[in-house]
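This report is for a reader new to the structure. It begins with the place where two chains meet and then turns to each chain.

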Amino acid sequence: MDVIIESLPQYWDGFLRTLFLAVVSGIIALVVGTLLAAARVSPVTALRGFSMAYVEVVRNTPLTIAFFFAAVVLPRLGVTFQQFEIAAIIALSAYTSAFIAEAVRSGVNSVPVGQAEAARSIGMKFSQVLSLIILPQALRTVIPPMINILIALVKNSSVAGAFYVLELFGYGKQLANEHGDAVMWVLVGVAFFYLLITVPLGYVAHQVERKVAIAR
Amino acid sequence: MTTQVPGNALVSLNAVNKHYGQLHVLKDINLHVRKGEVVVVIGPSGSGKSTLCRAINRLETIDDGDISIDGKMLPEEGKELASLRADVGMVFQSFNLFAHKTILENVTLGPIKVKGVAKAEADKEAMALLERVGVGHQAPKLPAQLSGGQQQRVAIARALAMKPKVMLFDEPTSALDPEMINEVLDVMIQLAKEGMTMIVVTHEMGFARKAADRVVFMADGQIVEDATPEEFFNNPKSSRAKDFLSKLLTH
């Protein structure tokens with residue numbers, strides 16, 4: 001157990017980097033995913049097609065492919081990064097947004113069609129119907145699946161450790177090498193710090209869900 | 001096809017046809033509603049009267065024919081259609097109040113977001129409308145906290161807030177408990193007296209007798225009779241209408 005106490009500075013540094021990756025990628029994924037879902041229900045055929053193709057491809061391929069793409073393929077196409085963290089954020093948000101898009105779309109489908117008809121009948125444009133009436137109701141109903149996706153994102157960020165980003169898992173690898181006799185405790189420490197993010201996330205989600213629930 | 005097109009028709013439907021697959025739901029519909037006129041559309045279920053009502057603000061598309069409102073042809077989609085819809089109030093069978101907005105917000109949302117009215121002014125006008133339909137004290141509540149009759153009166157206020165040229169009612173009392181029907185009909189009768197142009201799809205024959213200038217009877221997607229309420233109820237011409245009325249009156 002001493003190894004955890006001794007290595008607290010590394011753990012803390014890794015924890016903050018994991019948190020940073022998850023928060024930034026999470027915010028980008030929420031925005032992009034919601035836009036993808038909006039495109040999926042839009043009257044413009046090209047937007048619907050693009051959204052569907054994106055979600056199908058990204059959702060059905062492994063996260064590591066997204067990482068290799070961001071870290072290896074993008075630089076060859078001329079997109080270079082000073083830090084691997086940027087590549088990690090691109091990969092994580094691109095991957096997660098596909099799942100967010102599907103969750104939001106299921107929420108949109110759960111809003112009764114009469115809500116959109118009423119909004120259109122008072123003269124709202126498609127963008128207003130979506131942003132003022134449909135999405136606010138849809139997002140509230142998809143908080144539980146959305147939180148699952150965000151929890152998965154926190155854990156998925158560990159793949160960045162394999163791409164030279166010193167987040168929790170990256171430090172975990174390093175510490176395990178240095179303390180070959182205490183690998184178990186090193187991993188317990190890593191797990192603890194992941195739980196420090198994911199458990200409160202679940203709790204906050206529960207509170208938010210109760211607060212914004214809409215009665216019909 | 002002979003169509004008498006009154007120059008002052010506010011709502012005009014000319015030779016309108018619509019199919020749902022094989023089913024011909026609207027057959028060559030011609031209907032002209034003058035400003036200030038109250039037209040009640042009745043008929044057996046499946047006769048196409050709701051489809052007719054929803055076609056007027058293009059919630060249902062039509063296959064051919066044309067529909068114009070205040071001389072303007074109904075646009076296809078997009079901005080122009082949205083601005084035309086702002087002039088046509090619609091009240092639905094299932095109320096369709098915005099579930100995540102308060103009663104007051106339900107009424108002010110259209111004026112603020114569509115017409116660009118300042119919030120303070122929109123609030124003031126909305127409160128006056130809510131008072132007028134008798135639910136002023138419910139303003140801060142959410143729709144689910146109100147009874148069906150109250151919700152439907154809010155829905156009428158929401159439509160009126162846009163200062164529409166014409167109001168469409170699609171079976172406004174069909175989803176209500178019997179004791180709540182009158183509170184909604186009273187608001188509608190008041191509206192009719194104030195000179196609002198109204199097209200009302202309903203099964204409430206009492207309302208048709210009391211408030212209608214014209215009764216349009218539909219069956220199998222066609223307008224079978226178009227007459228004053230006295231004429232229609234006392235002396236229906238078609239056998240289809242006679243049959244329909246006899247079924248109503250036997251109970």
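## Basis of the model

This is a predicted model, in which local features need pLDDT of at least 70 and side-chain atom pairs count only at pLDDT 80 or more, while totals for chains, interfaces and linings use all residues. Residues are numbered from 1 along each chain as its sequence is written, chains are lettered from A and ligands numbered from 1 in the order in which they are written, and side-chain values use heavy atoms, with hydrogens and water left out.

## The interface

In chain A, 20 residues are in contact (heavy atoms within 4.5 Å) with 24 residues of chain B. About 1,900 Å² is buried between the two chains, and carbon and sulfur atoms give 63% of this area. Buried area here is the accessible area (1.4 Å probe) that two parts lose on being put together, summed over both.

One salt bridge is found across this interface. It joins the side chains of A:Glu117 and B:Arg54, at 2.6 Å from N to O. A salt bridge is a side-chain nitrogen of Lys or Arg within 4 Å of a carboxyl oxygen of Asp or Glu. On the side of chain A that touches chain B, the elements giving two or more residues are helix H6 (113-121) and helix H7 (126-141). H6(A) gives the most, with seven residues.

## Chain A

Chain A has ten helices and zero strands; helices (H or I, at least four residues) and strands (E, at least two) are DSSP runs, numbered from the N terminus. The C-alpha atoms of chain A fill a box of roughly 70 × 45 × 25 Å along the principal axes.

## Salt bridges overall

Over all chains, the count comes to 23 salt bridges. One of them links B:Arg214 and B:Glu37 through their side chains (3.1 Å, N to O). B:Arg214 lies in strand E9 (residues 214-219) of chain B, and B:Glu37 in the loop between strand E2 (23-34) and strand E3 (38-42), 177 residues apart.
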